[in-house]
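Here are my notes from a first pass through this one. Have a look at the sequence and the structure, then follow the points in order.

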Amino acid sequence: MFRKVLVANRGEIALRVIRACREMGIATVAVHSDVDRESLHVKMADESVCIGPAESRESYLSVQRILAAAEVTNADAIHPGYGFLAENAEFARVCEKCGVAFIGPTAANIDSMGDKLSAREAMKQAGLPMMPGIEVDVDDAAKAASVAQEIGLPVIVKATAGGGGKGIKVVRSMEQLWNTLKAAKSEAQAAFGNSRVYIERYLEEARHIEFQVAADGNGNVVHFGERDCSIQRRYQKVLEESPSPAVPADVRRDMGKIVTDAIRSIGYRNLGTVEFLMDPQKRFYFLEMNTRIQVEHPITEEVVGIDLVKLQLRLAAGDPLPVRQEDIRMQGHAMEMRINAEDPEKFYPSAGQITAYHVPGGRGIRVDSGAYDGYAISPYYDSMIAKLIVHGVDRPEAIAKGEVALREFLIEGIHSNIPLHQRILSNPEFRSGTTSVTFLSKLLNLKY
């Protein structure tokens, strides 16, 4: 096992990794920008290193500065968390060249899944069902029109690189297609430095379903069931739950086998998430694979009783997968609500100092957060303050726990989206479990 792990991230995920390492007797190093020196992950780590100014490209995205921090502290492994360098194949490759273990999949795994078109092809060869789609050249409007006509409107234009809802546009008429395609390419270039896009069929009332998988690189693969991530605003997840109220046990079993067979066939190692769109007829279509720990991993931990961060560490250290598929049982129902620093109606970011902070407690209530009373929410990074996770014996109890916890959650000095979550949990359509990815946009009267 590793002796010392450098956590190449910030906020709640950095704190989450540090806690897991401490429980395993592993020393930790926190890296931070100059505006993050009072962050909890810095205070909780055994050592800390300032790696630059607030701008991410000069700190958390700087491979050179992070590796220099690992060298001066004699760290023998790096955990990238999520975001920043977590899915950067070159970073994983350089870590290995420098003799520092990368706690995640191999660089080759990240390469193959990092580009959505190459991931599509790899997963198609591995047997996963695909949505009809094709890459489109921005200089060829006729080809774009031909593809859209062949697939059938509406279609969706997607960037092949990156995520977070950037470079994604829905097209409902042929007149919109060309300008929408160019706009998506421009947005993708600005966000990811890569303007490639592709067109695929758009499902109007789909659900966003993802399977959490783990593999040891020696042919042993398991899945931990599915998470339903259909509550989204502009392709950004807001609330997730596990298991999905729309996935029957037989569909979970069949899709789980298809997914684990596919992961085994590509020689994957460590944790990953395979994402799908599911239509009302329970037909699944591959969306993408995330080669990292997900923001929403706690709900899987709650329903299967396995610490996924500790599992990442063991798999990266070369340990065999410690569980078999038949050992995994999903118990109860869990939900995660992302508590963001933003106006709950207009969704403008709300940076500033937290003047009062009290988190809810009680059986089945968990809060993962790097915030505290007096903590300053920076305008430089993601606006998430905390993750509120609730676990009940069934979905109605999880909803009830969520409502109680949201009433207890106190954040003053800045705005938060707690009122939005209260509105979601009280909504009859959400409570019935029949929502799709368009639910929140319709609730808020937004374009999806």
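1. Let's start with a detail: which residue caps the N-terminal end of H11? That would be Asp307, with a side-chain oxygen lying 3.1 Å from the backbone nitrogen of Val309. Keep in mind throughout that we're looking at a predicted model. Past the other end of the helix, H11 is followed by Gly318, whose phi is positive, near 95 degrees.

2. Staying with H11, is the helix mostly covered or mostly open? Mostly covered: eight of its nine residues are buried.

3. Setting aside neighbours within four places in sequence, Leu311 is in contact with Ala214, Phe224, Leu271, Leu321 and Pro322. As background, nonpolar side chains in soluble globular proteins tend to be buried together.

4. Now step back to the whole chain. How many helices and strands are there? The protein has 15 helices and 21 strands. Its radius of gyration is 21 Å, close to the 22 Å that the globule rule gives for 448 residues, so the protein is as compact as a globular protein of that length. Along the principal axes, the C-alpha trace spans about 60 × 50 × 45 Å.

5. A few more overall figures. Of the 448 residues, 57% count as buried. The accessible surface comes to about 18,000 Å², and carbon and sulfur atoms hold 48% of that. If you take the contacts with a separation of 6 or more, 66% of them are between residues 24 or more positions apart.

6. On to charges: the whole structure has 38 salt bridges. The pair I'd look at is Glu301 and Arg366, whose closest N and O atoms are 3.0 Å apart. It links distant parts of the chain, with Glu301 in helix H10 and Arg366 in strand S18 (residues 365-369), 65 residues apart. Are these two buried or exposed? Glu301 counts as buried because its relative accessibility is 6%, under the 20% cut-off. Arg366 is buried as well, with a relative accessible area of 18%.

7. Other bridges give you something to set beside that pair. Asp254 forms a salt bridge with Arg253, with 3.4 Å between the closest N and O atoms. Here Asp254 is partly exposed at 42% relative accessibility, and Arg253 is exposed at 54%. Asp327 pairs with Arg324 at 3.2 Å between the closest N and O atoms, and Asp327 counts as partly exposed at 40%. There is also a network of salt bridges that links Glu210, Arg227, Lys237, Glu240, Glu275, Glu296 and Arg338.

8. Take a look at Lys158 too, in strand S7 (residues 155-159). Lys158 is buried, with a relative accessible area of 7%. What does its side chain make a polar contact with? The partner is the side chain of Glu200, at 2.8 Å. Beyond residues up to four places away, Lys158 touches Gly167, Ile168, Arg196, Val197, Tyr198, Glu200 and Leu287.

9. Finally, Pro154 sits in the loop between helix H7 (141-151) and S7. Pro154 counts as buried, at 18% relative accessibility. The C-alpha atoms of Pro154 and Val171 are separated by 5.6 Å, though the two are 17 residues apart along the chain. Val171 is also one of the contacts of Pro154 outside its sequence neighbours, along with Arg172, Arg201, Tyr202 and Glu204.

Terms used
Residues are numbered from 1 along each chain as its sequence is written. This is a predicted model: local features need pLDDT of at least 70, side-chain atom pairs count only at pLDDT 80 or more; totals for chains, interfaces and linings use all residues. Side-chain values use heavy atoms; hydrogens and water are left out. Helices (H or I, at least four residues) and strands (E, at least two) are DSSP runs, numbered from the N terminus. Buried means under 20% relative accessible area, exposed over 50%, partly exposed in between (1.4 Å probe, protein chains only). A polar contact is a pair of N or O atoms within 3.5 Å; within protein, one must be able to donate a hydrogen and the other to accept it, and residues adjacent in sequence count only if both atoms are side-chain atoms. Contact means heavy atoms within 4.5 Å. The radius of gyration is taken over C-alpha atoms; the globule rule is 2.2 Å times the number of residues to the power 0.38. Accessible areas come from the Shrake-Rupley method with a 1.4 Å probe; for residues, only the protein chains shown count as cover. A salt bridge is a side-chain nitrogen of Lys or Arg within 4 Å of a carboxyl oxygen of Asp or Glu.
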